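The entries below follow the order in which I looked.

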Amino acid sequence: MHRIAFLGPPGAGKGTQAAELAQALRIPHLSTGDLLRGAVGAGSPLGREADGYMRAGKLVPDALVLQILAERLAGADARAGFLLDGYPRNLAQAETLATLTPLDRVLSFEIPTDELVRRLSGRRTCPVCQTAYHLVSKPPKVAGRCDRDGTELIQRPDDRPEAIEVRLRVYAEQTAPLLDHYRRQGLLRAIDATGTPAEVAGRVRRAVESAPP
Ligand code: AMP
């Protein structure tokens, strides 16, 4: 079964790779960032509470994130596997997740920090379908418009320099310790996340197809 989690700093390309892999494996792509942005966009009470944390680049409180994720994880489409993108983000979330489902594999996206800053600051996102572009390395066909639905692209508030710095620090302090946690369980596979999306996709595919831990 493919019960997979992607770990890695913001800007490592998790979202792009997760969308592609989930489609190839026919499993749902469960991105807590996308789910939270959806709630913010819809103006739900949960979204209104999460908004300030997200803009600042901080983690949204565990209980709120769990509320939005548990529902999706319990859905019929997740029974045959799922791809978690952006969850867990700290040890408490990893422990909660373990009470809900086992994981078969955790992929860690590895990339130097200066490359992350370059990717995040040039990123532009479709607010409707969440497809990510890059001003230089992955520009849309029509400048400023989403290839899929023509929506005007935006810069995510948390892709501004002040928030990028906070997100990288939060990753180092709270999320990076999970690497050891999953390494000890024998679930971790490291992926070199530098290079083109196609190159990274090849490495992701090989890591998923390699013998189970
Ligand atoms: P992402 O799209 O994964 O970069 O997430 C964007 C933002 O959503 C993060 O900076 C957090 O504010 C929030 N977020 C996403 N996933 C989580 C999570 N598992 N725990 C707490 N906050 C999260």
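Before reading any crossing angle, I note that the axes are lines fitted to C-alpha atoms, for helices over the stretch in contact, and that angles run from 0 to 180 degrees between N-to-C directions. I also keep in mind that this is a predicted model.

Helix pair. I looked up helix H5 (residues 91-100) against helix H8 (residues 177-184), and found that their axes come within 9 Å and cross at roughly 35°. On the H5 side I listed Leu91, Ala94 and Leu97, which meet Leu178, His181 and Tyr182 of H8. Sorted by class, this contact of H5 with H8 has five nonpolar residues, one polar residue and no charged ones.

Salt bridges. I then turned to the charged side chains, for which the structure holds 14 salt bridges. One of them joins arginine 72 to aspartate 77, with the closest N and O atoms 3.4 Å apart; arginine 72 is partly exposed at 28% relative accessible area, and aspartate 77 is likewise partly exposed, at 42%.

In helix H6 (residues 113-121), arginine 118 and glutamate 115 are three residues apart and therefore separated by about one helical turn. Their side chains meet in a salt bridge of 3.0 Å, N to O, and I recorded arginine 118 as partly exposed, at 38% relative accessibility.

Which residues are linked in a network of salt bridges? I found Arg123, Arg156, Asp158, Asp159 and Arg167. Within this group I checked arginine 156 and aspartate 158, whose side chains meet at 3.0 Å, N to O; arginine 156 is buried at 11% relative accessible area, and aspartate 158 is buried at 9%.

Definitions and conventions
Residues numbered from 1 in each chain as written. Predicted model: local features only at pLDDT ≥ 70, side-chain atom pairs only at ≥ 80, totals over all residues. Heavy atoms only, no water. Helix = DSSP H or I, 4+ residues; strand = E, 2+ residues; numbered from the N terminus. Contact = heavy atoms within 4.5 Å. Nonpolar A, V, L, I, M, F, W, Y, C, P; charged D, E, K, R; others polar. Salt bridge = Lys/Arg side-chain N within 4 Å of Asp/Glu carboxyl O. Buried < 20%, exposed > 50% of the residue type's maximum accessible area, 1.4 Å probe, protein only.
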